[in-house]
Amino acid sequence: MSLKIAFTGTGYISKVHAQAAQALPDVELVAVVNHRPDSMQAFAQQFGISRQYATISDMLAAGGVDAVVISTPNALHAPETLAALNAGVHVIVEKPMALNADEARHMLVASEKSGAKLMVAHCWRFDAEVLWLKKQLETSGIGKIFRTKGYGVHVNWGPSGWFAQAKLAGGGALADMGIHAIDTARFLLGDPRPVSVYAKIGTYYKDFDVDDTGIIIVNWDNGATSYIESGWWQPHADGAEASTQLYGQSGFGQLFPTYTRILNPQTQQPETHESGFPAVRDPHCPQSMYDAQLAYFVDCIRHNQTPVPGGAEGLLNMQIVDAAYASSQSGKVVEIL
Ligand SMILES: NC(=O)c1ccc[n+]([C@@H]2O[C@H](COP(=O)([O-])OP(=O)(O)OC[C@H]3O[C@@H](n4cnc5c(N)ncnc54)[C@H](O)[C@@H]3O)[C@@H](O)[C@H]2O)c1
């Protein structure tokens, strides 16, 4: 039976998701929600969607939707997700999952209560290069990883509009970009739990009420420590979005360019294992990553499986983000219980 899918928000990433949905067999794009009729009309026309609504409640009241892709400003993630889950509609919600961990917890509970699936679009888990590196760690191995370095930084650029307003976005570069680096590090480490966070976060490049600069240090329960940089409008970055370096007991691995360098126990010399992906990605965030992400969401619905990354992973990331902001304010390490 075909799966009837809807979209909230008709901006940049919603179009990427709609394109992904169009490529899937037995998925029908049936409805769209936006507060701006013109943008909604254009989106509906582009993707052949017949039903248009000003609010998600109007759409849910009309029925006939199995799943919704939520790609609105962060402040709408929790209310729209809760409305959909409570109506028994499956949800994939964009990152960051919510404005804070409290909201994220309510979303996770609503999903558990209703039985409707909840996935959080931590898209880098579906990237071919990230998956190559993850597989290398499982097979050839760089040994136990003690530390990682990761980047979620825009160089000489940053978003504007709602992204730069605390009321609609919650946080700035950390919530927008740093969270990609945090989730990618966590995924490659095998999803350990965060134990404590130390961060220094500020706004130095523009005049807005969210952050544009951050250094975040996360200690995990498997003994590893991740160093993360977040930023907008930075003069430099050591790596592109979600770039991650892994320092293991018997070698090194990294993303973008992606390879491992492992110590040969016989020769005691390091040997490089190239991933074979081009050294420069163009575009850095390919449609294929989002296609794989949406295909997985639909698969979880069809096979009644809890998506990973789901509410639990999204919540942990929000706990790290909350702890980072709290640490930066107090100047102290914040424990995550
Ligand atoms: N995973 C990724 O690679 C990725 C990339 C971009 C954005 N995102 C996330 O997706 C979400 C949407 O980002 P985007 O880049 O598509 O944003 P966007 O500004 O391009 O689109 C936002 C959409 O929400 C609508 N909207 C509804 N209520 C609004 C309000 N009160 N104020 C402003 N707009 C309102 C806008 O009309 C627009 O259609 C964000 O949570 C963002 O963090 C993820």
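Because the model is predicted, local features are given only where pLDDT is at least 70 and side-chain atom pairs count only at pLDDT 80 or more, while totals for chains, interfaces and linings use all residues. Residue numbers start from 1 along each chain as its sequence is written.

The protein chain contains 10 helices and 15 strands, where helices (H or I, at least four residues) and strands (E, at least two) are DSSP runs numbered from the N terminus. Its radius of gyration is 20 Å, close to the 20 Å that the globule rule gives for 337 residues, so the chain is as compact as a globular protein of that length. The radius is taken over C-alpha atoms, and the globule rule is 2.2 Å times the number of residues to the power 0.38. The C-alpha trace spans about 65 × 45 × 40 Å along its principal axes. Of the 337 residues, 48% count as buried. In this classification a residue is buried if 20 or more other C-beta atoms lie within 10 Å of its own, exposed if 12 or fewer, and partly exposed in between, with C-beta atoms placed from the backbone. Among contacts between residues at least 6 apart in sequence, 71% join residues at least 24 apart; two residues are in contact if their C-beta atoms, placed from the backbone, lie within 7 Å.

The domain assignment divides the chain into domain 1 (3-124 + 290-308) and domain 2 (125-284 + 317-335), with bounds that come from an automatic or database domain assignment. The centres of the two domains, taken over C-alpha atoms, are separated by 26 Å. In the contact region, 17 residues of domain 1 meet 20 residues of domain 2. On the domain 1 side, α5 and α9 are the elements that give two or more residues, and α9 provides the largest share, three residues. This side of domain 1 divides into 12 nonpolar, four polar and one charged residue. Ala, Val, Leu, Ile, Met, Phe, Trp, Tyr, Cys and Pro count here as nonpolar, Asp, Glu, Lys and Arg as charged, and the others, Gly among them, as polar.

The shell around the ligand holds 23 residues, of which Gly9, Gly11, Tyr12, Ile13 and Glu94 come nearest. A residue belongs to this shell if its C-beta atom, placed from the backbone, lies within 6 Å of the molecule. Helix α1 (residues 12-22) gives the largest share, three residues. By class, the shell comprises nine nonpolar, 10 polar and four charged residues. Domain 1 and domain 2 each supply at least three residues to the shell.

An open sheet of nine strands with mixed pairing runs in the order β14-β13-β12-β11-β7-β10-β9-β8-β15. Its edge strands, β14 (270-274) and β15 (334-335), each pair on one side only. Strands are taken to pair if DSSP finds at least two bridges between them. Within the sheet, β11 (residues 244-248) and β12 (residues 251-254) are joined in the antiparallel sense over three bridges, and tyrosine 247 stands opposite phenylalanine 252 in β12.

Helix α4 (residues 77-86) is mostly covered, with eight of its 10 residues buried. The buried residues are His77, Ala78, Glu80, Thr81, Leu82, Ala83, Ala84 and Leu85. They pack against β1 (3-8), α3 (56-62), β4 (67-70), β5, α5 and β6 (118-121). Just after α4, glycine 88 adopts a positive phi of about 80 degrees.

Most residues other than glycine have a negative phi, and most peptide bonds are trans. The bond from lysine 95 to proline 96 is cis, with omega near -10 degrees, and proline 96 lies in the loop between β5 (90-94) and α5 (101-114). A cis peptide bond also joins valine 308 and proline 309, with omega about 15 degrees; proline 309 is found in the loop between α9 (287-302) and α10 (311-330). Aspartate 191 has a positive phi near 55 degrees and sits in the loop between α8 (173-188) and β8 (194-202). This aspartate is partly exposed, with 15 other C-beta atoms within 10 Å. Alanine 242, in the loop between β10 (225-234) and β11, has a positive phi near 70 degrees and is buried, with 28 other C-beta atoms within 10 Å.
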